Amino acid sequence: PPPRPAFPGEVRLRFDASYEPVVLGKTLFVPSMVTDSVTALDTDTGEQRWQFFAEGPVRFAPVAWQDNVAFVSDDGHLYCLDAASGQLRWKFQGRPPGATERKILGNHRLVSLWPAWGGPVLHDGVLYFGCGLWSKYGVCVHALDADSGAVVWSNTDSNFIPKANMDHGIANDAGLTPQGYLAVVNGQLVVPCGAQ
């Protein structure tokens, strides 16, 4: 079906304007913000090998390496699957520590108050991703061991930075709001922040 981006009219937030598949070996992994799934297709025949359903839209391209495929969802989780079978290896809920899961209406869907919109990146055996959109409720960036899903570190206090946003010459309080693909550049983690 036609893609359903979260912000169809916002040029700077078009990270999900289309389906963004990735290939590992002879398998194509297709995320879907419409069916809340990742589907594995055989690159030679086009036949479906498996399909895994999350509890919210899957807006970003998965990360595929060795025999794994990982992806984030609007349900606030980072999932890691066996690339051959689609079986869940582990998943991690990215909401702030101590927060109780809450659902909200987002883009005509029931999603987590902390959707994972910081698209995952893999670097030196560590998966990085971000979740949360509203500084008031908490925003997190996590680094997880790619094999086990164990937490390497979590940044849970960048949601409120005094006078971090200049608007018409006035410094306003702001915070990190991961929206878009994370990247690692020269050993530094780059976190895109919405329209900022």
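I take two strands as paired if DSSP finds at least two bridges between them. Helices (H or I, at least four residues) and strands (E, at least two) are DSSP runs, numbered from the N terminus.

I note that this is a predicted model, in which local features need pLDDT of at least 70, side-chain atom pairs count only at pLDDT 80 or more, and totals for chains, interfaces and linings use all residues. Residues are numbered from 1 along each chain as its sequence is written, and side-chain values use heavy atoms, leaving out hydrogens and water.

**Entry 1: a hairpin.** I looked up strands β13 (residues 140-145) and β14 (residues 151-155), and found them antiparallel and joined by 4 bridges. Alanine 143 has tryptophan 153 of β14 as its bridge partner. Between the two strands of this hairpin lie 5 residues, and glycine 149 takes a positive phi near 85°.

**Entry 2: a sheet.** I traced an open sheet of 4 strands, in the order β1-β2-β3-β4, with antiparallel pairing. Its edge strands, β1 (22-24) and β4 (48-53), each pair on one side only. Within the sheet, β2 (residues 27-32) and β3 (residues 37-42) are joined by 6 bridges. Leucine 28 has leucine 41 in β3 as its bridge partner.

**Entry 3: cysteines.** I searched for disulfides (pairs of cysteine sulfur atoms within 2.5 Å) and found 0. I then checked burial (buried is under 20% relative accessible area, exposed over 50%, partly exposed in between; 1.4 Å probe, protein chains only). Cysteine 131 is buried at 1% relative accessibility, and cysteine 140 is buried at 0%.
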